[in-house]
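Hi,

Here is the structure I said I would pass on. Have a look at it first, and my notes on what turned up follow below.

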Amino acid sequence: MLLWKRNLWVLWVGVFFTAASFSMVIPFLPIFLLQIGVHEHTEMWAGLLFSSAFFAGALASPFWGRMADKYGRKPMIVRAGFVLFVIYTLMAFVTNPYQILALRILQGLLSGFIPGAIALIGTNTPGNKVGYALSMISTASASGGIIGPLLGGGIADLVGNRWAFASAGIIVCLSTLLIIFWVVEENFTPSKGKGSVKEDFKVAVDNRPFLLVLILTLVTSCSVMTIEPVLPLYIVKLGGSSENASFLAGVVFSLPGIASALFAPYWGKWADKVGFQRVLFIGLLGGGLGTLAQIVFTHIWGFSMIRFVYGIFFCAVYPALNGLVVKSTPEDFRGRAFSLSQTANQLGGMVGPMIGGFLGGIFPVYSVFIVTGVLLLVAMGTAYWNAGTLNAKMKRPAVSGK
């Protein structure tokens, strides 16, 4: 087997189990707060715990990207994997929300397993296979996100949430061992520059195609996360008061992830033929129209079908954005480029739920769908009108401090 293919499949397994371990832990934090005696301001604590890791990650990602360009992407993946193992294991022993908050902040500051895997794939895959490879990693993340809650919920029901957290730690540790023994970072040239994170931001601003990708990543992440606070409650409302409404909500909520697992590889192969910009345009257009169309359906089955169709199109977006990161940056800047992309993604993930929660608390729920759909269409229009910029040749940054 070719080395890039072996790396891809090992990283696929690693990302799948890491995404599964993440979704084994995070959805159950509100329930765990109640179990450790947090009965006042529970919602506030849950929101704080959720957003704290995003905020910390947005701050730390550029630093780890610089370290990846200096020492290699594989060492950064291994470092992040063992950090997650320690944090998830310690989660099994916490006794108050302040301890959880500290661990979540550390998780944001020190982790970065999946962004590191994306950067390694983007650098060690032949140019005509990058779209397919990045889509496969997206499929692994989506599939792990679907399996994780089921696995975590089953373990929690059998032996309790603490053991579910510990199991997540063991799973991510095994994923890290796979990376250590089976992934080879063949195509790596250490960065020679002695710049700084501030210099990296300046490089990004000067590189217009890459800056545009960062803006699109921020807007896309913000728009998608805007709907997250109200979507589960809206699904339960559509499902009626039947006794299986909660289970139905979980199934409907996971439909875009299922669509991604099924269709993302096809989008990736097509992107390798026609270009990432065209696939990004179609994905944002389908995602925006699909979000707006969800308002029309007031019955759970119609809503479910349109959620699945939405997932078919939207799963093309993030692999296309990652592909454009590869296309618009040189190899020795790639770790920093993906870390800056991760910062944009996490800033959107932090701001989006705040906007959604604010709108959902003042206006009817469908207003959140309108805002989300419009934001995706604005991103689509930006990608369309700047097609020449996105398709421009890579600009090599001028790194200072040689």
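Helix 1 and helix 4 meet through Leu11, Thr18, Ser21, Phe22 and Val25 on the helix 1 side and Ile77, Leu84, Tyr88 and Met91 on the helix 4 side. Keep in mind that this is a predicted model. Helix 1 covers residues 3-25 and helix 4 covers residues 73-91; their axes are 12 Å apart and the packing angle is about 25°. Since the cut-off for roughly parallel is under 35 degrees, helix 1 counts as roughly parallel to helix 4. The crossing of these two, helix 1 and helix 4, is left-handed.

Leu11 turns up again in the nonpolar core. The largest one has 88 residues, and Leu11, Ile100 and Leu280 are those with the most contacts inside it. Apart from that core there is another, of 13 residues, with Leu231, Ile235, Val368 and Phe369 among them. If you want to click through the neighbours of Ile100, leave aside residues up to four places away in sequence, and you will find that Ile100 touches Leu29, Phe32, Leu33, Ile36, Leu49, Met91 and Val94. As background, nonpolar side chains in soluble globular proteins tend to be buried together.

Now for the other helix pair. How do helix 10 and helix 17 cross? Helix 10 (residues 208-226) and helix 17 (residues 366-385) have axes that come within 8 Å and cross at roughly 165°. That makes helix 10 roughly antiparallel to helix 17. Helix 10 passes helix 17 in a left-handed crossing. On helix 10 the contact is made by Leu212, Leu216, Val219, Thr220, Ser223, Val224 and Thr226, and on helix 17 by Val368, Thr372, Leu375, Leu376, Ala379, Thr382 and Ala383.

Also in helix 17 is Gly373. Is Gly373 buried or exposed? Gly373 counts as buried because its relative accessibility is 0%. Not counting residues up to four places away in sequence, Gly373 touches Gly288, Thr291 and Leu292. The C-alpha atoms of Gly373 and Gly290 are separated by 7.7 Å, although these residues are 83 apart along the chain.

Last, the cysteines. How many disulfides does the structure hold? There are zero disulfides. Cys222 counts as buried because its relative accessibility is 12%, and Cys315 counts as buried because its value is 7%.

Cheers

Conventions. Residues numbered from 1 in each chain as written. Predicted model: local features only at pLDDT ≥ 70, side-chain atom pairs only at ≥ 80, totals over all residues. Heavy atoms only, no water. Disulfide = S-S within 2.5 Å. Buried < 20%, exposed > 50% of the residue type's maximum accessible area, 1.4 Å probe, protein only. Core = buried A, V, L, I, M, F, W, Y, C linked by side-chain atoms within 4.5 Å. Contact = heavy atoms within 4.5 Å. Axes fitted to C-alpha atoms, helices over the stretch in contact; angles between N-to-C directions. Helix = DSSP H or I, 4+ residues; strand = E, 2+ residues; numbered from the N terminus. Parallel < 35°, antiparallel > 145°, perpendicular 65-115°, else oblique. Left-handed = near helix turned anticlockwise from the far one by under 90°.
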